[in-house]
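These are my notebook entries on one structure. I set down what I looked up, entry by entry.

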Amino acid sequence: MKKSHIFVLAIIAVAAAIVFSTTADASVYVGFGEARQRAAEGNTTKVHVVGKLPRDAQKRPVGLEYDPLTDPNYFAFTLVDTNRVAQRVIYSNPKPQDFDASEQVVITGCMKGQIFMADNILLKCPSKYVKKDLDGATASTN
């Protein structure tokens, strides 16, 4: 075998090892129903769940439980997934900034009994850039 063939095979082997190592830690997007089913089967792998916060008539989120004076690392809330299944979630870290204003929430974690234990929270917040009132504005023709 030529040295170039051995070099190419080594590169392919390294690339395959990198791909396999990164896919082992990858989690999947599921609903709370499937997360419960996985936990019941003994599967403790992390999953992603996408959902929205239930809101009252004034558009404020309901079911938030956070008291930084009592325990700054305990934040509990209810999340409704894309299948409209509501689930209580506990996050053992401080409440993320702008959590109340988020449009959509992505959590990573797994079910522990009847509670979803979140390890990570990703927020999709409304745009900070609001279209300004352009009445009376004119474009330059230069």
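Entry 1, the cover over helix H2. I looked up what covers the buried residues of H2 in this predicted model. The cover includes strand S1 (28-29), strand S2 (47-52) and strand S4 (75-81). It also includes strand S5 (86-91), strand S6 (104-112) and strand S7 (115-124).

Which residues of helix H2 are buried? I found that H2 spans residues 32-40 and that its buried residues are Phe 32, Ala 35 and Arg 38. They cover an arc of only 120° around the axis, which puts them on the same side of H2. I noted a general point beside this: an α-helix has 3.6 residues a turn, so residues three or four places apart point the same way.

I then looked just after H2, where Gly 42 takes a positive phi of about 90°.

How many salt bridges does the model hold? The count comes to five, and I followed up several of them.

I recorded a salt bridge between the side chains of Glu 34 and Arg 38, with 3.4 Å from N to O. Both residues belong to helix H2, and being four residues apart they are separated by about one helical turn. Are the two partners buried or exposed? Arg 38 counts as buried because its relative accessibility is 19%, and the limit for buried is under 20%. Glu 34 is partly exposed, with a relative accessible area of 38%.

Lys 46 forms a salt bridge with Asp 119, and the closest N and O atoms are 2.7 Å apart. I placed Lys 46 in the loop between H2 and S2 and Asp 119 in strand S7, so the pair ties together parts that are 73 residues apart in sequence. I also noted strand S7 as part of what covers the buried residues of H2. Lys 46 counts as partly exposed, at 38% relative accessibility. Asp 119 counts as partly exposed as well, at 40%.

Lys 95 forms a salt bridge with Asp 100. I recorded 3.2 Å between their closest N and O atoms. Lys 95 is partly exposed, with a relative accessible area of 28%. Asp 100, at 35% relative accessibility, counts as partly exposed.

Methods:
Residues numbered from 1 in each chain as written. Predicted model: local features only at pLDDT ≥ 70, side-chain atom pairs only at ≥ 80, totals over all residues. Heavy atoms only, no water. Buried < 20%, exposed > 50% of the residue type's maximum accessible area, 1.4 Å probe, protein only. Helix = DSSP H or I, 4+ residues; strand = E, 2+ residues; numbered from the N terminus. Arc of directions from axis to C-beta. Contact = heavy atoms within 4.5 Å. Salt bridge = Lys/Arg side-chain N within 4 Å of Asp/Glu carboxyl O.
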